[in-house]
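Hello,

Here is the structure I promised to pass on. My notes follow below it.

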Amino acid sequence: MGDIGYLAPEIILLIGGLFIFCLDLAYDPGVGKKSGLSYMALSALFLTAALVAAVLQLNISDPEAGPKVAFSMMTIDNFGSFIKVTIFSGMILTTIAGGRYMNRRSGNQGEFWTFFLMVSLAMSIAASANNLVLIYLAIEFLSITSYMLAGFLRENRRSNEAGLKYFLYGSIASAVMLYGISLLYGATGSLYLHDIAAAFSEIIGESTEISGLAFAGLPAMLLILAGLGFKASLAPFYQWAPDTYDGSPTPVATYLSTASKAAAFAVLARFFIVAMASFQVNWVPVLAAFSIITMTMGNLAALRQNSVKRMLAYSSVAQAGYILMGLVAVTSNSPSAMDGLNGVLLYLFAYLFTNVGAFLVVMALEETVNSTHISAYRGLIKRAPWLAVMFTVFLLSLTGIPLTGGFFGKFYVFGAAIQRQYFWLAGIGMINAGLAAFYYLRVVREMFFTQEGEGEVLDVPMALQTSLLICTVATIWIGVYPSAVLEWVSNASVQLLSVVP
Amino acid sequence: MESPDSIVLTILLFWPLVAALLVILLGRSDSLIKKGSIWASLLPLGLSIYLLFAYDSNTGGLQFEQFAEWIPQLNAGYHIGADGLSIPLIFLTALLSTLSIYYSAGVINERVKEYFFLMHLLEFSMLGVFLALDYVLFYVFWEISLVPMYFLIGIWGGANRGYAATKFFIYTLVGSVAMLLAILGVYFATGTFDIVEAAAAQPFAGNLTLASLAFWGFFFGFAFKVPSFPFHTWLPDAHTEAPTAGSVILAGVLLKLGAYGMLRIMLPSFPEASVYWATWLVGLGAIAIVYGAFVCVAQTDLKRLIAYSSVSHMGYVMLGIGAAAAVMTPDALASAVNRFGLSAEAIQDSAAMALNGAALQMFNHGIITGALFFLVGIIYERAHTRDLARFGGLATKTPHFYGLMLTAAFASLGLPGLAGFWAELFTFRGAFAIMPYWAAFGTIGIVITAVYILYRIIQNVFLGEYDPSKLTHWTTAQGEHADGPTDMVGFEKVTMWPLIAAMFLIGIYPTPLVKYFNQSARELLAFVQNLI
């Protein structure tokens with residue numbers, strides 16, 4: 001199979017996307033027709049196939065053997081495969097749950113699910129790319145499809161605003177990133193992450209002085225961080241996120257805040273750990289500062305929100321800050337059990353199920369009572385007990401309470417920070433965790449502490465319930481018995497760290 | 001050592017979880033849930049009594065230990081066990097849980113299924129904290145004990161319950177995250193999450209700065225729970241708003257988790273830092289005793305008064321722990337010998353006594369304050385107010401209630417012959433030999449305690465002439481209209497008498513209980529002495 005075999009997930013997604021696209025040309029079901037759901041089903045099918053392919057790659061490749069390279073620009077390693085598994089899981093859950101939601105709101109089902117597969121393809125490429133141009137193309141591909149998905153509900157002004165805002169911020173971020181890439185190319189003469197790393201380590205050598213062309217590395221690093229930070233919604237590049245998440249169709253907001261973020265973190269990790277290895281002393285304080293600002297800003301803003309969807313948008317900004325904490329504390333030379341990269345991966349995995357679940361609850365409320373305002377959650381325990389219980393699990397996981405996946409995510413990133421003796425960073429993370437509990441608990445309070453609430457028992461669609469149940473089970477499973485996931489995580493990070501020059 | 005008995009602890013621990021799930025799955029009717037829950041809660045109680053007898057005090061140490069692999073990547077395992085310190089506390093947990101469930105069956109009629117689910121879950125998490133010998137496991141149970149209590153306060157609490165529940169949750173959460181960081185620090189210093197192994201490895205030995213950081217990390221976690229002055233501000237709100245059984249468990253068991261953590265983790269793991277900061281512990285404890293007592297005198301709400309009395313009484317625990325900590329290490333012991341001119345044995349005895357006093361106070365406070373909160377709940381069910389100004393002269397109207405309240409209040413005050421006395425005697429006797437000034441300062445609290453118990457509670461509520469115009473609306477325990485205060489009914493008496501009996505038993509013959517505590521106090525001191 002060779003190189004082609006390594007690209008199996010991408011190829012499946014590409015074929016799937018084109019297939020739905022062609023099918024859509026031939027057959028257009030129209031708004032709200034049952035047959036519109038068939039596109040959703042096809043999309044879920046192809047995503048599942050891609051997931052299976054990624055899981056197989058994860059299990060087949062021997063962690064000792066070192067990464068494989070496909071067409072010289074894609075590194076197929078456990079790290080990339082793990083990220084792909086994470087991304088595809090999120091996309092499948094979103095697809096199954098969001099089918100009816102989209103079908104009721106838009107007639108262009110074929111178009112939507114084509115884009116949906118294409119977005120997955122873009123993220124998948126981003127997770128594996130080891131060449132800056134391919135990284136740029138993947139990010140750009142991801143962005144452009146995301147702009148269209150965010151603004152997909154053409155008659156809805158909020159959705160239009162979401163798409164436009166995302167586009168305006170995004171295009172500037174891409175340009176800035178491209179400038180950073182060109183600086184790196186100028187300084188090192190290569191676009192491959194490894195070659196860049198090798199060139200820099202030759203210039204800098206053993207000395208800690210930065211001299212000559214290596215000076216270009218610092219601005220380039222910041223510019224690229226700005227571009228990727230935009231995708232990962234790090235402060236101060238996050239202003240688009242609340243408006244876009246809030247205005248987008250909820251399935252789109254769901255993947256933007258989870259899978260898309262995972263892809264951005266994969267690229268960030270690969271870029272900083274591999275290409276910028278020589279600059280670790282320089283980027284650690286920068287990322288630490290970003291991490292602190294991101295979690296603090298996100299949490300402070302989330303405290304004031306009355307729309308649960310918007311609150312989750314800010315919360316997902318804050319969560320990115322915690323994840324970044326793991327990247328700050330990466331030890332590239334001697335990875336230990338609680339390495340920062342393990343923290344990033346475990347956090348991303350646990351966070352994906354948790355946050356997808358939380359957005360799906362928002363979707364369920366939108367589907368039934370057509371509101372995202374916190375008052376719609378009042379007395380939910382009476383109207384939809386299981387929905388309230390599952391949402392509580394997700395909110396507790398986001399807070400970081402044990403027996404949920406979110407706890408072990410935080411445990412690992414805090415652990416990595418303590419291991420590197422960044423006590424102040426861990427301390428600020430600690431205060432933030434307390435702060436965040438306020439707004440997560442506020443929703444729990446609304447749902448449980450009163451039984452008043454208006455309205456009848458909610459009728460949540462079966463497919464949505466299934467997705468929610470999977471998210472709940474996964475969240476608790478990671479929280480109770482994290483060993484299995486930790487095995488994958490450490491295989492993934494060992495392989496990425498092993499190639500660091 | 002795995003013994004055939006070791007499965008007992010696992011059954012004891014997980015049974016409440018099973019019961020909680022059964023409530024959700026099989027709870028078809030309210031009466032079935034209530035009956036089933038009462039029966040289910042008897043099993044942990046029975047097992048905890050079995051532990052009291054099965055624990056071999058001649059061998060001492062941790063017994064009934066059980067290991068299983070959990071997260072091998074982190075070297076964190078399922079390791080549980082019990083010793084002389086935890087076994088009486090496990091019994092206390094099971095006893096108060098059973099009584100709370102039994103009492104709640106009589107008064108809770110709203111959202112019954114959720115309520116009993118949460119009660120079982122709460123018992124599960126509290127037992128877990130007392131049994132866990134692995135930091136990750138300990139932390140997991142520690143944190144999840146927040147969740148059921150949060151819902152209990154928030155759903156079945158008083159008018160201001162949302163605020164109180166959130167405050168309770170956030171305060172303890174911030175404290176426990178600080179503890180989490182300290183746990184991680186210990187892990188990186190020792191390479192293990194096992195509490196026993198980590199203590200034996202002495203993390204940060206010789207590095208007082210790091211040891212102090214870890215010490216304070218743990219201290220924040222535990223102090224919020226105890227609660228130690230000045231971290232106590234959540235407690236009056238949480239107690240006042242919580243439903244009766246919630247207050248009982250909160251005061252009776254949850255507050256003990258903090259003090260237990262200090263004894264189980266802080267003293268053995270960071271002896272040098274403990275010696276260094278011991279004066280702080282003692283000082284905070286003594287301030288809490290006096291301050292809490294003074295605040296009690298000013299209260300107008302009966303339940304709030306008892307809540308503040310918890311702050312005061314948990315101060316004794318801190319005082320005892322701090323005093324013992326001050327002379328733990330050989331160096332500290334030697335300098336204490338020089339300072340006081342006493343023999344090393346005498347000072348060791350005093351330290352052991354202070355520890356015994358602290359542990360005994362934990363147990364007794366659980367029994368006494370648990371009883372007091374039940375009694376407040378009983379009067380609240382009838383009067384629907386806790387305003388002290390509206391009570392008076394109840395002694396003649398509700399003699400049974402008066403008698404029980406009198407007993408519990410006097411036990412709380414430390415009257416000889418009742419349980420509270422021994423704890424105060426031991427604590428002050430032990431602390432006096434080590435930190436005389438702070439101990440003397442703390443004794444002011446005893447006097448003030450007498451003031452608020454005798455004046456605010458006994459005189460205000462029970463003595464004097466009964467004046468019907470003070471409070472016109474009375475109901476019976478079942479919520480039916482009544483013309484005046486009615487005395488306790490059957491299920492309330494059944495709830496109260498075991499606690500009252502325990503007060504007398506321990507008050508008259510404390511030896512069996514002290515034997516357990518003394519065993520582990522001696523072991524702790526010997527462990528630290530023999531480290532070097």
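What volume does the largest pocket have? About 1,700 Å³. Please keep in mind that this is a predicted model, and that every value below is computed from it.

**Largest pocket**

The lining of the largest pocket runs to 46 residues. Nearest its centre lie A:Val389, A:Ile476, B:Leu21, B:Phe117 and B:Leu121. Both chains supply elements to this lining. From chain A, helix 16 (380–383), helix 17 (385–399) and helix 20 (462–480) each give two or more residues. From chain B, the elements that do so are helix 1 (7–26), strand 1, helix 4 (112–131), helix 5 and helix 6. By residue class, the lining of the largest pocket has 36 nonpolar, 4 polar and 6 charged residues.

**Second largest pocket**

The second largest pocket holds about 680 Å³ of space. Its lining is made of 31 residues. Look for B:Trp156, B:Gly157, B:Gly158, B:Pro243 and B:Tyr380, which lie nearest its centre. Five helices of chain B each supply at least two residues here: helix 3 (86–107), helix 6, helix 10 (234–241), helix 11 (244–269) and helix 15 (344–383). Helix 15 of chain B has the largest share, with 4 residues. The lining of the second largest pocket splits into 13 nonpolar, 10 polar and 8 charged residues.

**Contact between the chains**

Now the interface. Chain A puts 40 residues into the contact, and chain B puts in 38. Together they bury about 3,300 Å², with 79% of it on carbon and sulfur atoms. How many salt bridges cross the interface of chain B and chain A? The rule finds 0. Polar contacts do occur there, in 8 residue pairs with both partners at pLDDT 80 or more.

On the chain B side, the elements giving two or more residues are strand 1 (63–71), helix 5 (135–144), helix 6 (146–156), helix 7 (161–190) and helix 9 (208–225). Helix 7 of chain B gives the most, with 17 residues. The chain B side that touches chain A comprises 29 nonpolar, 5 polar and 4 charged residues.

**Cavities**

The count is 8 cavities of 30 Å³ or more. In the largest cavity there is about 70 Å³ of space. Which residues line the largest cavity? Chain A provides A:Thr399, A:Gly400, A:Ile401, A:Phe407, A:Lys410, A:Phe414 and A:Ala433. Chain B provides B:Tyr139, B:Glu143, B:Leu173, B:Val177 and B:Leu180. At least two lining residues come from each of helix 18 (405–419) of chain A and helix 5 and helix 7 of chain B. The residues lining the largest cavity divide into 8 nonpolar, 2 polar and 2 charged.

Helix 5 of chain B contributes to the side that touches chain A, to the lining of the largest pocket and to that of the largest cavity. Helix 6 of chain B contributes to the side that touches chain A, to the largest pocket and to the second largest pocket.

**Salt bridges**

Over all chains, the structure holds 20 salt bridges. One to look at joins the side chains of A:Asp246 and A:Arg158, at 2.9 Å from N to O. This pair links distant parts of the chain, 88 residues apart. A:Asp246 sits in helix 10 (residues 240–247) of chain A, and A:Arg158 in helix 7 (residues 157–188) of chain A.

**Backbone points**

The bond from B:Val226 to B:Pro227 has an omega of about -15°. For B:Phe229 and B:Pro230, omega is about 0°.

In chain A, check A:Asn370. Its phi is positive, about 55°, although A:Asn370 is not a glycine. A:Asn370 belongs to the loop between helix 15 (340–369) and helix 16 of chain A.

Best wishes

Definitions and conventions:
Residues are numbered from 1 along each chain as its sequence is written. Chains are lettered from A and ligands numbered from 1 in the order in which they are written. Side-chain values use heavy atoms; hydrogens and water are left out. Contact means heavy atoms within 4.5 Å. Buried area is the accessible area (1.4 Å probe) that two parts lose on being put together, summed over both. A salt bridge is a side-chain nitrogen of Lys or Arg within 4 Å of a carboxyl oxygen of Asp or Glu. A polar contact is a pair of N or O atoms within 3.5 Å; within protein, one must be able to donate a hydrogen and the other to accept it, and residues adjacent in sequence count only if both atoms are side-chain atoms. Ala, Val, Leu, Ile, Met, Phe, Trp, Tyr, Cys and Pro count as nonpolar, Asp, Glu, Lys and Arg as charged, and the others, Gly among them, as polar. On a 1 Å grid over the protein atoms alone, a cavity is a set of points where a 1.4 Å probe fits but cannot get out, and a pocket is an open set with protein on both sides within 12 Å along at least five of seven lines; lining residues have an atom within 4 Å of a point. Grid points are joined across faces, edges and corners, and a volume is the space filled by probe spheres set on the points.
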